[in-house]
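Let's take a walk through a protein together, starting with the whole and ending with single residues. Keep the picture in view as you read.

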Amino acid sequence: MILPGLELKNPIMPASGCFGFGKEFAPFYDLSELGAIIMKAATGEQRFGNGTPRVAESASGMLNAIGLQNPGVDAIIEHEIPFLREYDVPVIANVAGSTVEEYVEVARKISRFVDALELNISCPNVKEGGVQFGTDPALAKHVTEAVVQVSQVPVYVKLSPNVTDIVQLAKAVEEAGASGLSMINTLTGMRIDPKTRKPIIANQVGGLSGAAIKPVAVRMVYQVYEAVDIPIIGMGGIETIDDVIEFLLAGASAVAIGSANFKNPLVCKEIIEELPQALKRYGFTSVEDVIGGAHLETATTGVLRT
């Protein structure tokens, strides 16, 4: 199956932030088996991230506030990408920043060495008082346009769910020239320790991921699929092959698996192996037959779409 910039053996890939740069998972299986790899975020300069504790468990999920810790785009190009290029797998670079200028510089540098970019717009814009690029359609459109202009590869924009209308956001970045979307990023959450009476995470709030957010992610993928004409990489709480099928039916063309990798480092490999039998079990002949299938069913039953 082919998405802009990506020729995928299968629709399964690890999500950014949960797979590092692949080195920790390479001893467990051949990374060439993956559909693609989305790398950990790259910023203009090295970042040490937020203070600790950075992670807290929650019911059916986890909170994290890592703070985009990474060695910086130049070090990633020199030391991390060459390792991934040893494998027969498309590589997607996650691009982050605090200003439009930083996004543009990172994209300009790294796009020469990868197959696609994933634009992480869930970052605070320091020039706009900390407002996230991904919560304002105008800001999202502006940064997407700027990155698309300098990128040598297709740009997928990672949408934040922490918005009133994710469809409006999706349309804005599509209009700006995005080749695809990845969705959703984490939901903002908090946990408080009853003993200390303080937030457990040093940053106070963090991003909620895991099975708890899957229904929200499926709903958003479904809505956005009906509103745009560019492909979607779906993510958010995927742990099983049935979760994958659900996202594909909602309209995702591929999926990214995140925090499940922490519980089971073989989860991507196992789901890839289960995919052919699952397609057969549900009466599909290919992945392409599944994509958007819930919309076809809705149309034939006459159920009102909301």
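Of the 306 residues of this protein, 54% count as buried. Keep in mind that the model you are looking at is predicted. Its secondary structure consists of 10 helices and 18 strands. Along the principal axes, the C-alpha trace spans about 50 × 45 × 40 Å.

How does the radius of gyration of the protein agree with that of a compact globule? For 306 residues, a compact globule would have a value near 19 Å, and the protein has 18 Å, which agrees.

**A helix and its cover**

Now find helix α1, which runs over residues 73–84. Its buried residues are V73, I76, I77, E80, I81, F83 and L84. An α-helix has 3.6 residues a turn, so residues three or four places apart point the same way. What covers the buried residues of α1? The cover includes the strands β4 (37–38) and β7 (91–95), together with α2.

**Two pairs of helices**

Helices also pack against each other in this model, and two pairs are worth a look. Two packed helices are described by the angle between their axes and the distance between the axes. Here are the values for both pairs.

| Helix pair | Axes come within | Crossing angle |
|---|---|---|
| α2 and α3 (137–150) | 9 Å | roughly 25 degrees |
| α4 (166–175) and α5 (214–225) | 9 Å | roughly 50 degrees |

Are α2 and α3 roughly parallel or roughly perpendicular to each other? Angles under 35 degrees count as roughly parallel, and the axes of α2 and α3 cross at roughly 25 degrees. The two helices are therefore roughly parallel. Their crossing is right-handed. On the α2 side, V100, Y103, V104, A107 and R108 take part, and they meet H142, V143, A146, V147 and V150 in α3. The residues of this contact divide into 8 nonpolar, 1 polar and 1 charged.

In the other pair, the axes of α4 and α5 cross at roughly 50 degrees. That angle makes α4 oblique to α5. Helix α4 passes α5 in a right-handed crossing. Here I166, V167 and A170 in α4 meet M220, Q223 and V224 in α5. The residues of the contact of α4 with α5 comprise 5 nonpolar, 1 polar and no charged.

**Two buried loop residues**

V114 lies in the loop between α2 (100–110) and β8 (116–120). Is V114 buried or exposed? Buried means under 20% relative accessible area, and V114 has 6%, so V114 is buried. Leaving out residues up to four places away in sequence, V114 touches M39, I81, R85, V91, A93 and V153. One of these, I81, is also among the buried residues of α1. V114 and P154 are 40 residues apart in sequence, and their C-alpha atoms are 10.0 Å apart in space.

L34 is found in the loop between β3 (12–14) and β4. With a relative accessible area of 0%, L34 is buried. Apart from neighbours within four places in sequence, L34 is in contact with K9, N10, I12, P14, F19, Y29, V89, C268 and I272. L34 and P71 are 37 residues apart along the chain, and 25 Å separates their C-alpha atoms.

Notes. Residues numbered from 1 in each chain as written. Predicted model: local features only at pLDDT ≥ 70, side-chain atom pairs only at ≥ 80, totals over all residues. Heavy atoms only, no water. Helix = DSSP H or I, 4+ residues; strand = E, 2+ residues; numbered from the N terminus. Buried < 20%, exposed > 50% of the residue type's maximum accessible area, 1.4 Å probe, protein only. Contact = heavy atoms within 4.5 Å. Axes fitted to C-alpha atoms, helices over the stretch in contact; angles between N-to-C directions. Parallel < 35°, antiparallel > 145°, perpendicular 65-115°, else oblique. Left-handed = near helix turned anticlockwise from the far one by under 90°. Nonpolar A, V, L, I, M, F, W, Y, C, P; charged D, E, K, R; others polar. Rg over C-alpha atoms; globule rule 2.2 N^0.38 Å.
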